[in-house]
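My notes follow in the order I took them.

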Amino acid sequence: MTTLAIVAITIGVWGQRLAGAFLVGPQLEKRPNLSRAASLLPAAVVMAVIVQLTVTRAGSLTIDARLAGMVVAIILVWRKAPFLAVVLAAAATTALIRAFA
Amino acid sequence: MHIGPREIAGFLHLGRSAYGRSVAATDDESAQSTPRLSRADFVTMGITFFSLGVTLQVLMIENGTSTTRAFVASSVIFSATSQFAYLAVRDGGGSDWAGIIAGWVVATRFGILAVSLNPRLPKGVVRRVLAALNAFDPNVAIAVQQSNPRDVEREFWRTTAGMMLGWFLGVGVGTFLGDIVGDTSRIGLDAVFPAALLAIIGNLLRQRDGLISGICGALICLLLIPFVPAGFPIILSVFGVAVALMLSRQPAVETRSAS
């Protein structure tokens, strides 16, 4: 990470927490539409990060063992498995496929 | 849609009885028994944040970030998701600013957590600022579930302490291990963070609108990856929300604004 990135992301993350608490929060109470949009935002952007981390390598689409790990993770999250079980199973699946492929 | 404690941090299975309720029940927080973290909950949460800290440090150092920089970054940013978004964009050849904006966009999650937390805190700007800056999933989920307003702040900081202990120990150990661990993909470390993120938003995805929003965000990102510069697929995924709102069947707004 560059120094600029560390500083800028820190300001952005801390600023959003403060803005959420003091500026946006009171406004959202008055605007249910906006409030719903805000509460759905994490699902969209976090899923995008998940896609980026799962099927790309150096910027291009790459299907490899990570995808199998994620399929296992999806099943376990759906079945409400504990957090550590999800993470360990995804890593183990990915590692095993790489070891035997 | 109301974001209740179950949507926020049900993934950690903390205070099991409190999370076992239906989503509708979480709307009426005052009616619930007050959840308190057990020792086992603290250990689970500590291990969770410890393992995320280790993973993040090892991957950052492997990505070419110096150990000092990696340590400083994880100690001040307080959003592993933003760091991963940034690293993913840079790995794809994106510019510094594309990575930074992607990091900002994914940090909206924490702003929304602060929105739920703030009204429950006692008055006092300094105390509210300090709490807002530490808003994470587990501590906000515990704090907003307290039935007695006097317990909110204490339980928030108790949870924060357990989380931070795990996180900083993990960051410390990960920084140390970063230079030692060889090929991290051999042990599947690159699958850890996407799986962790999925678990974190799991309960949001279990709701119809949350699932639509998530799938749209994922599709937008996937379709754009081959065509636009790195970073933009993540940034533009915010429009997944628009699709979710259009497809939504809940006419929540009309009823409220008409009254």
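**Entry: a proline in a loop**

I started at Pro35(B), which sits in the loop between α2 (16–19) and α3 of chain B. This is a predicted model, and I read every value below as computed from it. Is Pro35(B) buried or exposed? Its relative accessibility is 7%, so Pro35(B) counts as buried. I then looked up its distance to Glu155(B). In sequence, Pro35(B) and Glu155(B) are 120 residues apart. In space, their C-alpha atoms are 9.2 Å apart.

**Entry: cavities**

Rolling a probe the size of a water molecule over the atoms shows where empty space is left. I found 2 cavities of 30 Å³ or more in the structure. The largest cavity has a volume of about 200 Å³.

I sorted the lining by class. It has 13 nonpolar residues, 3 polar ones and 2 charged ones. I also checked which helices contribute. In chain B, α3 (39–62), α5 (80–91), α7 (108–117), α10 (149–178) and α11 (192–200) each supply at least two lining residues.

**Entry: a threonine in α10**

I moved to Thr175(B), which lies in helix α10 of chain B. Its relative accessible area is 14%; the cut-off for buried is under 20%, so Thr175(B) is buried. What does its side chain meet? I found a polar contact of 3.1 Å between the side chains of Thr175(B) and Gln57(B). I then left aside the neighbours within four places in sequence. Thr175(B) is in contact with Gln57(B), Ile61(B), Thr67(B) and Phe71(B) on that count.

**Entry: salt bridges**

I took Arg57(A) and Asp190(B) to begin with. They form a salt bridge, with the closest N and O atoms 3.2 Å apart. The pair crosses between chains. Arg57(A) is in strand β1 (residues 56–57) of chain A, and Asp190(B) is in the loop between α10 and α11 of chain B. Arg57(A) has a relative accessible area of 35% and is partly exposed. Asp190(B) is buried, at 12%.

Then I checked Arg109(B) and Asp137(B). Their side chains meet in a salt bridge, 2.5 Å from N to O. This pair links distant parts of the chain, 28 residues apart. Arg109(B) is in helix α7 of chain B, while Asp137(B) is in helix α9 (residues 137–144) of chain B. Both residues are buried.

My last pair was Asp209(B) and Arg208(B). Their side chains also form a salt bridge, 3.5 Å from N to O. Arg208(B) is partly exposed, with a relative accessible area of 39%.

Salt bridges join Arg57(A), Asp64(A), Arg66(A), Arg98(A) and Asp190(B) into one network.

Definitions and conventions
Residues are numbered from 1 along each chain as its sequence is written. Chains are lettered from A and ligands numbered from 1 in the order in which they are written. This is a predicted model: local features need pLDDT of at least 70, side-chain atom pairs count only at pLDDT 80 or more; totals for chains, interfaces and linings use all residues. Side-chain values use heavy atoms; hydrogens and water are left out. On a 1 Å grid over the protein atoms alone, a cavity is a set of points where a 1.4 Å probe fits but cannot get out, and a pocket is an open set with protein on both sides within 12 Å along at least five of seven lines; lining residues have an atom within 4 Å of a point. Grid points are joined across faces, edges and corners, and a volume is the space filled by probe spheres set on the points. Helices (H or I, at least four residues) and strands (E, at least two) are DSSP runs, numbered from the N terminus. Ala, Val, Leu, Ile, Met, Phe, Trp, Tyr, Cys and Pro count as nonpolar, Asp, Glu, Lys and Arg as charged, and the others, Gly among them, as polar. Buried means under 20% relative accessible area, exposed over 50%, partly exposed in between (1.4 Å probe, protein chains only). A polar contact is a pair of N or O atoms within 3.5 Å; within protein, one must be able to donate a hydrogen and the other to accept it, and residues adjacent in sequence count only if both atoms are side-chain atoms. Contact means heavy atoms within 4.5 Å. A salt bridge is a side-chain nitrogen of Lys or Arg within 4 Å of a carboxyl oxygen of Asp or Glu.
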